[in-house]
Amino acid sequence: MNRTDVDIFISGGGIAGLAAAAAFAHHGLLVLLADPSPPPETAASNGSDLRSTAFLAPARELLESIGLWASVADHAEPLNTLRVIDCQGNPPEPRTDRTFQSTDLGAPSFGWNLPNWLTRKVLSDTLTNAPNVDLRLGVGFARIVTREREAIVTLTSGAQVRARLAIAADGRNSPLREASGIGCKTMRYGQKALAFVVAHQMPHENVSTELYLSGGAFTTVPLPDHEGQHCSAIVWMNDGTEAVRLAALEDDAFSDAATLRSCGVLGALRVVSSRNLWPIITQEADQLTSERVALIAEAAHVFPPIGAQGLNTSLRDVAILAKLGAQDKGAIGNKDFLASFAKARGRDIHRRAQFIDLYNRICRSDLPPVQDLRSAGLRLVHDLAPLRRRIMTAGMGR
Ligand SMILES: Cc1cc2nc3c(=O)[nH]c(=O)nc-3n(C[C@H](O)[C@H](O)[C@H](O)COP(=O)(O)OP(=O)(O)OC[C@H]3O[C@@H](n4cnc5c(N)ncnc54)[C@H](O)[C@@H]3O)c2cc1C
């Protein structure tokens, strides 16, 4: 029989799954990772993930510690300033405008922004010939049988893998989570996010701007200049029907609508990519583990895209799992190991899910008292220095 023996099987080669593979391999463990969708070659390729992620300091430290940061560093754009604008009306007008500087905390940057498609491609290229990693791209997870001492996984190719631990990093609809009998609770808001890239008139000067208005946030995230043009990644949250209407507009009309919604903070915007639509949900798995199985990243938790928390929380899962593995290699996948992982991650994930859920409800509300509260809250958080520093420290993942 075609069966491979490894320490760790990983279902899913998104950024979190690839980082987990690198982390375990770095500690000398044998890893097999399977993903049916190989990373797209360019931003324009079919299926490219046009979102971008701000890697906060702990996420960068993880990638540095496992030797991956160097391979993405050249593409990373520092994020030094966060500007938050509370807007009102149609067309939207700013009513409270506050700026948060990373230097306020003595840090050069809040984070480093990288396009998702590029990070995934660079990480998978780096792992292709790495020792201890067997990367099976184009092949998916199909089935799992677990016993007290091992998990036997069958791939869609029919090949079998025997591992001490199977990690579900296969996204919000995780097939491995489902095969392990773990349910999840999902909160839907009727919102969708449009993710796309724009060229713009004015330089972004490494400022990320979040503009709040009923319907949801409009966020600009700095990208490196491309072909001599200033560029930013945009995440534009809206009620579902409005998001679908916007997604169907011609490029010129869409660019005009985006410029209006951005209150002109970067001058005229011109869309230079396709547009991806993402449903906005909060989702938590009922448990983070089952026999010989651990859930990480969106298989375990999905948050609305505010405050750069999603992938950063996922990379915290990876860091803890790899640390536990390095501490006691013999225990990998056993009951104590899995209980330690669930204990270390469960509370943090639940707390973040609750906070971001509440924050999203406040941000998108069209009730005037809630809008007033939103504006007053922004002024309070910014203008009281100790509170501002506390919130900034928590937002940076410390
Ligand atoms: C619009 C938007 C903007 C965001 N911006 C940020 C941000 O700025 N900062 C931040 O921290 N987070 C952000 N997030 C969240 C972040 O993008 C996600 O947390 C992250 O992409 C999820 O990573 P993942 O690896 O869990 O899942 P995915 O990227 O979905 O990867 C799952 C992988 O599993 C694979 N798979 C599926 N089926 C199988 C199978 N049968 N076998 C094996 N593999 C399989 C898929 O092909 C895929 O490659 C944002 C989210 C959204 C919606």
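Ala19 touches Leu62, Leu63, Leu68, Leu123, Leu315 and Val318, leaving aside residues up to four places away in sequence; contact here requires C-beta atoms, placed from the backbone, to lie within 7 Å. This is a predicted model, in which local features need pLDDT of at least 70 and side-chain atom pairs count only at pLDDT 80 or more, while totals for chains, interfaces and linings use all residues. Residues are numbered from 1 along each chain as its sequence is written.

Ala19 is also one of the residues that touch the most other members of the largest nonpolar core, which has 110 residues; Ala20, Ala21, Val31, Ile296 and Val318 are the others. Such a core joins buried Ala, Val, Leu, Ile, Met, Phe, Trp, Tyr and Cys residues through C-beta atoms within 7 Å, buried meaning that 20 or more other C-beta atoms lie within 10 Å of a residue's own. Helix H1 (residues 15–26) gives the largest share of this core, 10 residues; helices are DSSP runs of H or I with at least four residues, and strands are runs of E with at least two, numbered from the N terminus.

An automatic or database assignment supplies the domain bounds. Because domain 1 (3–43 + 116–186 + 284–360) and domain 2 (77–113 + 188–279 + 364–395) both give residues to the core, it lies between them. The C-alpha centres of the two domains lie 30 Å apart, and seven residues of domain 1 are in contact with nine of domain 2.

The shell around the ligand also receives residues from both domains, so it lies between them. Helix H8 contributes its largest share, four residues.

Notes: Buried ≥ 20, exposed ≤ 12 C-beta atoms within 10 Å, placed from the backbone. Contact = placed C-beta atoms within 7 Å.
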